[in-house]
Amino acid sequence: MSTDPGTRPPGAADPGPGPGEGALDEEQLRAAYEAELARIRVDDILIQTVVSLLNLAARKAGLTGGDEEPDFEQVRQAIDGTTALLPLVEPMLGADAKQVRDALSQLQLAYARSGATPPPGAPGGNEQPPAKDDQRSSSPSSSRLWVPGQ
């Protein structure tokens, strides 16, 4: 079977429009961008940010089965960012808020198990242990682990 030069074999993908063929000009791109900005809400961006932080942190913690080296500084930053945004997005999430809190808890646990220590100045990183005469020292909660953002 022979094909003419310049013709695609059956089943070959169409490469799409070439330069100048059906491409959007700058004004059309700007109009599409403006339409998208009018449609999207801040709520959507906040929720997407929280979900992205959780997904990225799970990857950086090695919880996704990937073969990249864990980076617990990135995990800590994602935990702190999620913790800061959570009060803003929880009312919008409704029943899905539990899934977000559970994912955050898993990341906090992975971080604590990693043995990583927060850098000086990190939220919660400068806390001093309670004094021995402090009433909290006799309660089981006094041996709590530091959790980023809390």
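## Helix packing exercises

The axes of helix 3 (residues 72–93) and helix 4 come within 10 Å and cross at roughly 160 degrees. The model is predicted, with local features needing pLDDT of at least 70 and side-chain atom pairs counting only at pLDDT 80 or more, whereas totals for chains, interfaces and linings use all residues. Residues are numbered from 1 along each chain as its sequence is written, and side-chain values use heavy atoms, with hydrogens and water left out.

**Exercise 1.** Classify the packing of helix 3 against helix 4 and describe the residues in their contact.

*Solution.* Helices are DSSP runs (H or I, at least four residues) numbered from the N terminus, and axes are lines fitted to C-alpha atoms over the stretch in contact, with angles from 0 to 180 degrees between N-to-C directions. Helix 3 is therefore roughly antiparallel to helix 4, a label given to angles over 145 degrees, while those under 35 count as roughly parallel. Contact means heavy atoms within 4.5 Å; the residues in this contact, including Phe72 and Leu86 of helix 3 and Leu104 and Tyr111 of helix 4, divide into 11 nonpolar, 4 polar and 3 charged. Here Ala, Val, Leu, Ile, Met, Phe, Trp, Tyr, Cys and Pro count as nonpolar, Asp, Glu, Lys and Arg as charged, and the others, Gly among them, as polar.

**Exercise 2.** Work out how helix 2 is oriented relative to helix 4, and which residues meet.

*Solution.* The axes of helix 2 (residues 42–60) and helix 4 (residues 97–114) come within 10 Å and cross at roughly 30 degrees. Helix 2 is therefore roughly parallel to helix 4. Val50, Leu54, Ala57 and Ala58 of helix 2 meet Val100, Ala103, Leu104 and Leu107 of helix 4, and the residues of this contact are 8 nonpolar, with no polar and no charged ones.

**Exercise 3.** Describe the packing of helix 2 with helix 3.

*Solution.* These two helices pack at an angle of about 145 degrees, and their axes lie 9 Å apart. Among the residues that meet are Leu46 and Leu53 in helix 2 and Ala78 and Leu85 in helix 3. The contact divides into 13 nonpolar, 4 polar and 2 charged residues.

**Exercise 4.** Check the span of helix 1 (residues 26–39).

*Solution.* At 1.5 Å a residue, its 14 residues should span 20 Å, the expected span being 1.5 Å times one less than the number of residues. The end C-alpha atoms of helix 1 are 20 Å apart, which agrees.

Conventions: Angles under 35 degrees count as roughly parallel, over 145 as roughly antiparallel, 65 to 115 as roughly perpendicular and the rest as oblique.
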